[in-house]
Amino acid sequence: MFYAKEIEEAEKLESFIPNDEILDLLENTKEPDKKYVREIIQKSLNKNRLEPVEVATLLNVKDEDLLEEIFEGARTLKEKIYGNRIVLFAPLYVGNECINDCQYCGFRTSNSEIYRNSLTMETLEKEVESLVDKGHKRLIMVYGEHPKYDANFIAKTVEKVYTVKKDRGEIRRVNINAAPLNIEEFKTVKDAGIGTYQIFQETYHLETYKKVHPRGPKSSFNWRLYGLDRAIKAGIDDVGIGALFGLYDWKFEVMGLLYHTIHFENTFGFGPHTISFPRLEPAINTPIAERPPHLVSDEDFKKLVAIIRLAVPYTGLILTAREPLEIRNEVIKFGVSQIDAGSSIGIGSYSHDDLENYKKSQFVLGDQRSLDEVIKELTDHGFIPSFCTGCYRLGRTGEHFMEFSVPGFVKRFCTPNAVTTLMEYVVDYASPETKKSCEIQIQRELDAMPESEMKQQLLKYIDMVKDGVRDVY
Ligand code: SAM
Ligand code: SF4
């Protein structure tokens with residue numbers, strides 16, 4: 001089997017997810033005290049990561065007014081630290097062959113109804129050209145787990161993406177969502193110039209994990225749990241964790257994400273770069289995805305996003321197009337920092353739109369609007385969409401942490417970079433309606449800035465972009 005020896009070693013490690021402790025904490029905080037809840041919210045607003053007992057307490061809040069205070073806390077934290085920027089990216093599915101049998105995923109090996117295929121270097125180039133032509137600058141590349149998609153293949157495909165240059169742009173940052181690798185393999189992928197490496201644990205509840213991952217390398221809970229430790233040891237500083245909500249109790253999963261965060265802090269001195277919280281979506285011939293065993297209601301979903309924001313105030317939060325528009329618009333205010341837009345998740349479906357795409361897709365998307373529509377929607381609501389990749393290309397890892405911890409970082413770097421990258425979009429790609437809405441939003445940003453050298457510099461950069469200079473930061 002794939003990684004047989006390494007998995008055997010990983011299985012000997014002790015899990016850092018204390019199952020019984022989590023259940024006890026959730027049980028013992030069932031009657032949260034108002035004053036204590038307010039102190040916890042305040043602790044987070046003072047920029048502290050919360051402790052397990054505090055997060056368990058928030059998870060048990062049912063009182064409507066107190067819940068509203070949690071939501072308000074998340075909104076305040078977002079506004080105070082991160083401002084109104086939303087970073088946009090697109091997922092790019094490279095191949096859907098898979099040797100695992102994850103019961104919730106359309107790509108699982110036992111699913112005979114899915115069309116299997118993988119991008120070649122030529123079709124990959126077409127996909128990237130198509131994404132660049134729409135205005136994208138940041139990608140997350142997604143791979144099934146299969147001998148075909150080994151570390152060399154992943155590295156080669158990433159390198160290929162960076163070589164695609166079109167008149168109006170190029171992809172400037174590639175993140176990865178793929179199976180856990182060993183340290184040497186992670187080094188190979190890092191050398192291709194990736195940004196974040198994401199691995200979702202799916203569920204932190206061991207028993208459930210075993211049930212939904214019956215075979216293949218993914219059936220080892222520990223091999224996956226320690227996957228991002230190996231990535232960090234290989235030199236990848238930006239790692240993304242996540243749980244797939246719907247497989248087990250959502251409160252337990254939030255606690256799992258917290259313990260994972262604490263494990264990183266204790267082991268490496270820094271936490272995860274991003275946290276993702278996808279909900280199970282329907283997938284072709286996949287009953288468990290149609291009827292999730294622990295369905296998370298929209299109300300609970302909003303709670304969990306707000307509580308994750310307060311629990312780990314320094315991470316980026318990623319919301320995906322799996323969520324419908326109404327939910328997206330609400331939880332963005334609770335501190336989401338990145339969303340995907342204009343997403344298409346069939347293999348080859350950006351450059352080749354075909355009606356059978358759903359048969360090559362992992363699941364069905366909840367939000368199918370184009371990038372242009374999403375940008376208009378965001379700017380109409382006072383957000384500033386950003387394609388910034390400045391930190392990454394200046395060699396700065398952990399940009400979310402810097403936004404959080406370095407005073408003035410957002411004002412000095414993030415907002416100006418958001419404005420210039422949005423202006424590139426306006427000049428190069430926007431429809432007339434979106435252009436108008438973006439220009440209004442950019443003017444709002446400029447009006448809100450006090451006169452300063454920095455503002456003069458930004459005005460100069462905006463003029464440069466209008467004159468055809470690209471990628472100023
Ligand atoms: N094969 C790699 C892995 O499993 O880590 C990476 C790619 S996998 C396609 C990316 C993520 O998709 C998984 O980690 C899982 O959380 C999510 N996913 C799988 N099935 C899903 C479904 N039916 N609805 C929503 N998300 C799903
Ligand atoms: Fe394969 Fe990943 Fe889907 Fe599991 S979630 S079946 S590993 S692609």
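Residues are numbered from 1 along each chain as its sequence is written, and chains are lettered from A and ligands numbered from 1 in the order in which they are written. Because the model is predicted, local features need pLDDT of at least 70 and side-chain atom pairs count only at pLDDT 80 or more, while totals for chains, interfaces and linings use all residues; side-chain values use heavy atoms, with hydrogens and water left out.

The shell around ligand 2 consists of Cys 98, Asn 100, Cys 102, Cys 105, Phe 107, Arg 108, Gly 144 and Lys 218, where a residue is taken as near if one of its heavy atoms lies within 4 Å of the molecule. This shell divides into four nonpolar, two polar and two charged residues, with Ala, Val, Leu, Ile, Met, Phe, Trp, Tyr, Cys and Pro counted as nonpolar, Asp, Glu, Lys and Arg as charged, and the others, Gly among them, as polar.

Helices (H or I, at least four residues) and strands (E, at least two) are DSSP runs numbered from the N terminus. Helix α14, formed by residues 298-311, spans 20 Å from its first C-alpha to its last, close to the 20 Å expected at 1.5 Å a residue, the expected span being 1.5 Å times one less than the number of residues. Of the 14 residues in α14, 12 are buried, that is, under 20% relative accessible area, as against over 50% for exposed and in between for partly exposed (1.4 Å probe, protein chains only). Among the buried residues of α14 are Phe 301, Leu 304 and Ile 308, as well as the charged side chains Asp 300, Lys 302, Lys 303 and Arg 309.

A salt bridge is defined as a side-chain nitrogen of Lys or Arg within 4 Å of a carboxyl oxygen of Asp or Glu, and by this rule the count comes to 32. In one of these, the closest N and O atoms of Asp 133 and Lys 166 are 3.0 Å apart; Asp 133 lies in helix α6 and Lys 166 in strand β3, so the pair ties together parts that are 33 residues apart in sequence. Asp 133, at 34% relative accessibility, is partly exposed, and Lys 166, at 28%, is partly exposed.

For the salt bridge between Arg 173 and Asp 238, the corresponding separation is 3.7 Å, and the pair links strand β5 with the loop between α11 and β7, 65 residues apart. Arg 173 is buried at 1% relative accessible area, and Asp 238 is buried at 5%. Finally, Glu 170, Arg 172, Glu 424 and Asp 471 are linked in a network of salt bridges.
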